[in-house]
Structures are given as structure tokens and as C-alpha cells.
Protein chains: 2
Amino acid sequence: MRRSRSRKGAPGIVEVARRAGVSPATVSRCFNTPDSVKPDTRSRVAQAAEALGYIRNRAAGTLHNQMSGSVGLVVPTIDNAIFSELVDAFAKQLRTHDCTLLIATHDYDLEQEVAIVRSLLERRIDAVALVGFEHNAVTLRMLDTQSVPVLSIWNYRDNAPLPCIGANNFAAGEKAADHLLALGHRDIAFLFPSDGSNDRAGDRRHGALRAAERAGINSPASRLIDCPYDIDQAKARAMALLSRDAPSAIVAGNDVIAQGVLYACQALGVPVPGRVSVVGIGDFRGSAAIEPRLSTVRLPARTIGRSAADAIVAMSGGNPFRLPSRQEVPFEWIERDSTAPPRV
Amino acid sequence: MRRSRSRKGAPGIVEVARRAGVSPATVSRCFNTPDSVKPDTRSRVAQAAEALGYIRNRAAGTLHNQMSGSVGLVVPTIDNAIFSELVDAFAKQLRTHDCTLLIATHDYDLEQEVAIVRSLLERRIDAVALVGFEHNAVTLRMLDTQSVPVLSIWNYRDNAPLPCIGANNFAAGEKAADHLLALGHRDIAFLFPSDGSNDRAGDRRHGALRAAERAGINSPASRLIDCPYDIDQAKARAMALLSRDAPSAIVAGNDVIAQGVLYACQALGVPVPGRVSVVGIGDFRGSAAIEPRLSTVRLPARTIGRSAADAIVAMSGGNPFRLPSRQEVPFEWIERDSTAPPRV
DNA sequence: CGCGAAAATGAAAACGTTTACATTTTTATT
DNA sequence: AATAAAAATGTAAACGTTTTCATTTTCGCG
């Protein structure tokens with residue numbers, strides 16, 4: 001029994017070259033710089049490649065010129081409406097650049113992230129996109145040592161420590177709270193995850209709280225509720241809150257939480273927006289369909305995903321101008337039916 | 001200005017070898033077969049690698065032995081609760097095997113799938129997982145020529161044309177309908193996507209219809225409604241249906257559709273399950289929280305994802321026993337609050 | 001101590017491309 | 001038609017590992 005050798009009998013560039021009656025170099029050029037080969041030769045090569053079922057081996061090229069044509073994407077999770085839209089858009093746009101996507105998730109565990117990034121680096125990805133700004137120092141150092149461009153996606157800050165493309169989560173949080181305040185609400189509860197490694201949630205929460213303060217409201221601890229991005233837990237937390245001492249309005253850390261809150265209201269027979277107003281952040285799939293239709297801050301996940309893909313391809317081109325140092329993608333307030341002035 | 005050369009100054013295996021005072025071969029062995037090197041040497045090497053910040057280049061290894069340590073996963077989309085759980089579990093389990101995931105989506109377009117698989121093959125993935133059984137012949141031929149193992153995931157059939165791991169979607173459809181029939185419903189509407197390339201949905205639909213037939217019900221065309229896996233569209237379709245001529249029960253092609261149906265009922269003030277019973281298929285995140293809590297057939301996405309990851313790693317080991325020819329993962333009927341006997 | 005076997009290591013040849021450079025062919029210009 | 005310049009192609013040397021085979025070191029045991 002021999003070793004695994006040439007993938008069974010799959011032909012290489014030299015077989016194609018032989019069949020087309022040219023040198024391997026010419027075949028290579030047909031794929032990489034087609035304009036540099038005579039149309040006639042080109043078609044002979046194409047025909048030979050087709051006949052042989054040739055599929056080039058990018059690993060060989062990668063070895064030679066350090067470009068793999070793949071980029072890495074590291075997200076906390078995709079098992080959640082939060083990121084799936086972003087990832088989907090990113091993946092699709094990447095394909096238009098003939099670039100493949102290596103993806104990995106770490107469940108908000110930054111230790112895992114280190115291992116993941118190392119693994120991506122071993123595969124010589126051309127660039128990597130990470131969600132948010134909170135990262136292990138080791139992660140960042142490795143990336144730097146290997147001089148692999150990094151792009152932080154999803155969140156945006158004026159003073160971001162990394163090139164980034166995303167929405168201003170602080171402002172989004174402000175916006176959500178401001179809407180409620182403008183309607184006249186004074187007793188507002190905030191349901192946000194507190195996870196320290198989640199800077200997006202942190203920014204939103206700070207933004208919302210800042211808005212409340214600005215309006216002269218000092219929220220007691222009982223109005224600041226810790227809640228993960230999980231619909232079941234959100235529903236449970238909201239039911240506890242509502243059956244004890246319902247506020248007149250609730251700001252949810254994202255639409256998943258808002259959805260849980262809405263279900264809690266239904267379960268308890270609390271009218272929305274009659275008795276309680278609810279705002280979300282994100283505008284996920286389904287937020288426009290839920291009853292009552294959810295008022296929320298739309299974070300343009302697809303736009304971010306697409307721009308990020310374009311940017312990362314540009315960055316990985318070895319381009320010295322690591323282009324989009326920072327790009328803020330605007331969000332939008334979407335008013336629907338889950339908010340109204342407080343009962344007097 | 002030179003070409004891109006050795007990634008800036010990132011050290012290679014020979015630098016590590018020099019620093020540790022051993023040959024490159026020994027360094028290589030430290031990573032691949034640590035037991036074959038003396039503990040003392042091993043630690044010297046580890047130390048040198050650490051000091052230099054060495055990250056091995058798998059492309060080089062791939063070139064040599066045809067194993068990349070990456071597998072491909074091709075799904076229609078991840079922008080949807082349907083697959084995100086599956087993909088997430090698959091990705092996580094793969095990491096436990098120190099294997100990376102190349103992912104791509106084709107939006108139910110089998111032409112795209114061909115291009116995607118070619119692109120994955122160029123990166124020399126060790127195996128590839130595809131969703132379902134419907135694939136372009138070219139796709140399958142390429143895979144065969146390159147002798148790359150394929151695993152079909154998500155759906156299961158006794159006579160599947162490919163090794164597969166998944167749930168029996170036909171039986172799941174039967175189960176959903178049977179529950180309604182057992183409750184005494186005779187006027188049932190079916191909301192399913194009809195997309196020809198979606199064998200999972202097709203199987204479910206056939207299963208549900210078969211169950212109805214078996215009960216002596218011959219559903220008129222007006223009860224067979226075409227509906228994509230999209231919550232907004234499902235809601236719209238359901239509103240049209242309910243406001244015209246409401247059936248006593250609805251089988252939804254999956255939980256996303258069911259969710260839309262439930263929202264439609266709320267929007268119209270149709271009591272569930274009082275006036276209309278609704279069953280879903282899938283048991284997605286949120287189906288247990290929605291009001292009324294959705295009765296559904298739980299398809300164990302995470303279990304499938306995990307098993308599929310294990311299986312594909314086993315298959316890519318060059319193992320001649322392409323192990324799990326077919327593996328059926330059982331589903332489970334989850335009865336909650338959206339179903340009841342018909343009003344008399 | 002010495003011997004043979006086993007374990008650890010080293011030397012060097014792959015692996016399948018890409019690309020700088022050399023060479024040949026084509027084209028444009030006179 | 002001759003020639004210079006441009007375009008097309010070929011030659012061969014990388015790229016950074018892994019692995020076979022050969023060599024050296026270590027070990028067990030008489």
C-alpha cells in the first residue's frame with residue numbers, strides 16, 4: 001500500500017501542459033494573467049484542462065506567493081439571528097471576489113479566539129475579520145507578527161483601536177432610549193447582556209443610559225436587568241419584571257431580547273404598547289412581522305457584511321494603503337407599533 | 001521594492017530549527033508526531049518556536065501530503081434560523097478535531113454550487129458536506145474525479161444516493177400531519193416551499209400529504225399553498241388564507257413559516273388553537289417562547305451538525321471505510337400550545 | 001564494556017505551482 | 001524586406017514543509 005500520493009489520478013498542471021502542447025508556465029498564465037497569452041493558445045489550454053478535469057492546486061500557489069485567496073471570519077456565534085445575516089452577506093460578497101471564507105466561532109470566549117486565529121494563520125489566510133474591539137493581546141500580536149491585516153466589524157467607534165466597519169452602537173442605544181423619552185416615558189427598564197467581552201452590547205447600554213441621564217432620569221438598579229441574547233431567557237426575565245413591578249417602557253439590548261419581552265407581555269396579557277412600550281435594536285428578520293410590529297433601530301447587517309468583504313479584499317491585496325481605516329455605517333430608526341406614549 | 005517574499009519577517013521552520021540547534025525535520029516531527037522526538041529536544045524546539053512566534057505553514061504540508069485539515073460546507077443560506085444552528089454545531093465540533101471550516105452559500109442555486117465546489121476543491125479541502133440530495137451532476141463528477149469524500153447532511157432517506165446524516169424529513173412531515181389528524185382535523189392547509197431543488201421541503205410535504213391521504217383526505221389545490229421560508233411572506237400568505245376561508249388547521253413547512261402563520265392569526269384576531277391549530281417542523285430557537293408556544297417536530301440540528309462533523313473527519317482520514325454510509329437521526333414530536341381539537 | 005536493537009535525528013528529495021529571466025515569435029516601422 | 005520593439009512562450013529556480021532513508025545516539029543486557 002503506497003502513501004496517499006497525487007490524489008488518485010487527478011491531473012496536474014504539467015499533464016495539462018503536455019496535452020495542450022505548451023509549457024506549464026503558459027498554463028499557469030492562462031489562469032492568472034489570461035491576457036498575457038495568445039487567444040489561440042489559451043483556448044487550446046482551456047480545452048485540455050476541461051478534457052482532463054483539471055482543478056488547480058492553490059496550495060502550491062499559496063506556498064509560492066503567500067496569497068491563499070481565503071480570508072478568515074471569527075464571530076462569537078452564528079446560532080443566533082444577530083450574526084447570521086452579517087455572515088451571510090459577508091460570505092456572498094466574498095464569493096464575488098473569488099475568495100473563500102474560513103469561518104470559526106468562539107462563543108464569546110477570547111481564549112478560544114487565540115487558538116482560532118492561530119489556526120487561521122496556519123492556513124495562511126490573507127486577512128481576518130473579527131467582531132468588535134475586545135480581543136486577546138496574543139491574538140493581536142500574532143496577527144501583527146505575521147503581518148496579516150485585521151478588520152474589526154460590526155461595531156464602530158471614532159477612536160477605534162483597529163480599522164473597522166460597523167454601526168455606532170453607542171448612538172444606536174441612545175436613539176432607542178431617546179425615542180421612549182420623547183414619548184414621555186420616565187420609568188424605563190433596560191435589558192442588556194453584561195458580558196464584559198461584548199463591546200457592542202456595552203456600547204448600546206451605555207448609550208441608552210446616557211440618554212436617560214441626559215433626560216434627568218437616574219435608573220435604579222432594579223431597572224437595569226442583566227439578560228443574555230437568548231429568547232427564552234429574555235422572556236423569563238421580562239415575565240419576572242412585569243409581574244413584579246412593570247415599568248412603562250423597556251429598552252431591549254437587541255431584537256432577540258425584545259422578541260422575548262413581547263412574548264412575555266402576551267403571556268401575561270400586558271397590552272403593548274398600551275401598558276408597556278418596547279423597543280429593540282437590530283431589526284432582525286421577523287421584527288417587522290411580530291405582533292405588535294417591533295419599533296427598533298435598524299442596524300444594516302447586510303450592508304456591513306458587504307462593505308466588510310470588499311474592504312478586506314482590498315486590504316489583503318497587499319495594498320500598502322490599508323484603506324478604510326474606519327467606516328461608519330449609518331443606522332436608522334424604524335418606528336412600528338410597539339411604542340406609544342405612557343398611560344397617564 | 002522586492003516582491004512579497006516571506007511574509008515580512010515571519011520565521012519558518014528552518015529558523016526555528018537553527019535556534020533550537022536541530023534539523024528542520026525534527027521540528028516538523030515535533031508538530032506532527034511529537035512522540036517520536038525526545039522530550040528534551042521537544043521542549044527546546046517548543047521554546048524556540050515560542051520565542052520566534054513561529055506559526056507553521058500548512059499550505060506547504062498540504063502540498064506535500066494532500067491533506068489540508070480543512071473541510072468544506074455548502075449550505076443554501078445561513079441567513080435563516082433553518083441552518084444557522086446546524087452550521088454552528090458543525091463548526092464547533094470541527095474545531096475539536098483541529099480542522100477548519102470553509103463555508104459557502106448558494107441561495108438554492110445549483111449552478112452556483114458548482115462554482116463553489118470547484119473553488120473548495122482548488123483549496124484542497126479534505127472532504128465536503130452538502131445539504132440534501134439534489135445536486136448538479138458536474139458537482140458530483142468533480143468530487144469524484146478528485147476523490148474527495150462527500151457527505152450529504154440534513155436529510156435522510158433509506159435509499160439515499162450519497163452517504164448521509166440527517167433526519168427523515170418525509171416521516172417528519174407525516175408526523176406533523178398525523179398529529180392534527182389524530183386530533184380530528186379534516187380541513188387542513190399546507191404551507192410549503194415548492195422549490196424543486198429543496199428536497200428536504202419536498203419530502204416533508206409529501207409526507208404530510210401522504211398522511212392526509214391515508215386518512216382519506218384529498219386536499220384541494222386551494223389548501224396547498226406555496227410559501228418560501230420567509231417569515232414576512234409566510235405571514236402575508238397566511239393572512240390571505242385566513243381572511244378568505246380559514247381551515248381548521250395548518251401544517252407549516254418549517255417553524256419560520258409557522259411563526260409567520262401565528263403572527264397572521266394574531267394580526268387577524270384568530271384564536272390559536274381555539275379557531276385554528278398550527279404545527280411547525282424544526283423546533284427552531286424561539287419556537288418554545290412564542291405565544292402560543294408552538295407544537296412542532298423537533299429536528300435535532302445540533303446533533304446532526306456534530307455527528308456530521310465527526311463523520312466527515314473520519315471520512316477525510318483517507319479511511320478506505322467511508323464509514324457512515326447512512327445515518328438517520330431521530331426526530332421528536334414536541335407538543336405545546338398551538339394545537340387542539342377542531343371546534344365542533 | 002561491548003554488542004545489537006531501538007530510538008532519535010539529519011540529509012535531501014519530493015509536492016505543484018509561480019515568476020524572473022532567457023529565448024523565440026510576432027508585429028510595426030521603415 | 002530588414003530590423004527593432006513588443007508579445008508570447010519556455011526554462012528553471014524558488015516557496016516551506018513532510019517523509020524516506022541513512023546515520024547517529026541511546027539503551028538493555030550479557
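## Close-ups of a protein–DNA model

**The surface near DNA strand C has 12 nonpolar, 13 polar and 4 charged residues.** A residue counts as near a molecule or strand when its C-beta atom, placed from the backbone, lies within 6 Å of it. The nonpolar class is Ala, Val, Leu, Ile, Met, Phe, Trp, Tyr, Cys and Pro, the charged class is Asp, Glu, Lys and Arg, and the others, Gly among them, are polar. This is a predicted model, in which local features need pLDDT of at least 70 and side-chain atom pairs count only at pLDDT 80 or more, while totals for chains, interfaces and linings use all residues. Residues are numbered from 1 along each chain as its sequence is written, and chains are lettered from A and ligands numbered from 1 in the order in which they are written. Ile13(A), Ala25(A), Ser28(A), Ala60(A) and Thr41(B) come nearest of the 29 residues around DNA strand C. Two or more residues each come from α1 (13–20), α2 (24–32) and α4 (58–65) of chain A, and from α2 (24–32) and α4 of chain B. Helices (H or I, at least four residues) and strands (E, at least two) are DSSP runs, numbered from the N terminus. α2(A) supplies the largest share of this surface, 6 residues.

**Over at DNA strand D, the residues that come nearest are Thr41(A), Ile13(B), Ala25(B), Ser28(B) and Ala60(B).** They belong to a set of 29 residues around DNA strand D. α2(B) gives the most to this surface, with 6 residues. At least two residues each come from α2 and α4 of chain A and from α1 (13–20), α2 and α4 of chain B. By class, the surface near DNA strand D splits into 12 nonpolar, 13 polar and 4 charged residues.

**Val22(A) sits in the loop between α1 and α2 of chain A.** Val22(A) is partly exposed because it has 19 other C-beta atoms within 10 Å. On that scale, with C-beta atoms placed from the backbone, buried takes 20 or more other C-beta atoms within 10 Å of a residue's own, exposed takes 12 or fewer, and partly exposed is in between. Leaving out residues up to four places away in sequence, Val22(A) touches Ala17(A), Val27(A), Thr41(A) and Val45(A). Touching, or being in contact, means that the C-beta atoms of two residues, placed from the backbone, lie within 7 Å.

**Chains A and B meet through 59 residues from each side.** On the chain B side, α4 (58–65), α5 (81–96), β2 (100–105), α6 (110–122), α7 (137–145), α10 (231–245) and α11 (255–268) each supply at least two residues. α5(B) gives the most, with 7 residues. That side of chain B has 21 nonpolar, 21 polar and 17 charged residues. Strand β2 of chain A also runs antiparallel to β2(B), with 3 bridges joining the two. Strands pair here if DSSP finds at least two bridges between them. Within this pairing, Ile103(A) stands opposite Leu101(B).

**Strand β1(B) is largely enclosed by the rest of the structure, because 6 of its 6 residues (70–75) are buried.** Ser70(B), Gly72(B) and Val74(B) point one way, while Val71(B), Leu73(B) and Val75(B) point the other way. β1(B) runs parallel to β2(B), and the two pair over 6 bridges. Val74(B) has Ala104(B) as its bridge partner in β2(B).

**Helix α10(B) has buried residues lining one face, because they fall within an arc of 170° seen down its axis.** The arc is taken over the directions from the helix axis to the C-beta atoms. The buried set is Ile231(B), Ala234(B), Lys235(B), Arg237(B), Ala238(B), Leu241(B) and Leu242(B), and their cover includes β6 (188–192), β7 (224–226) and α11 of chain B. On the other side, Ala240(B), Ser243(B) and Arg244(B) are exposed. At 1.5 Å a residue, the 15 residues of α10(B) should span 21 Å, which agrees with end C-alpha atoms 21 Å apart. The expected span is 1.5 Å times one less than the number of residues.

Trp154(B) is not a glycine, yet has a positive phi of about 90°. Trp154(B) belongs to strand β4 (residues 150–155) of chain B and is buried, with 27 other C-beta atoms within 10 Å.
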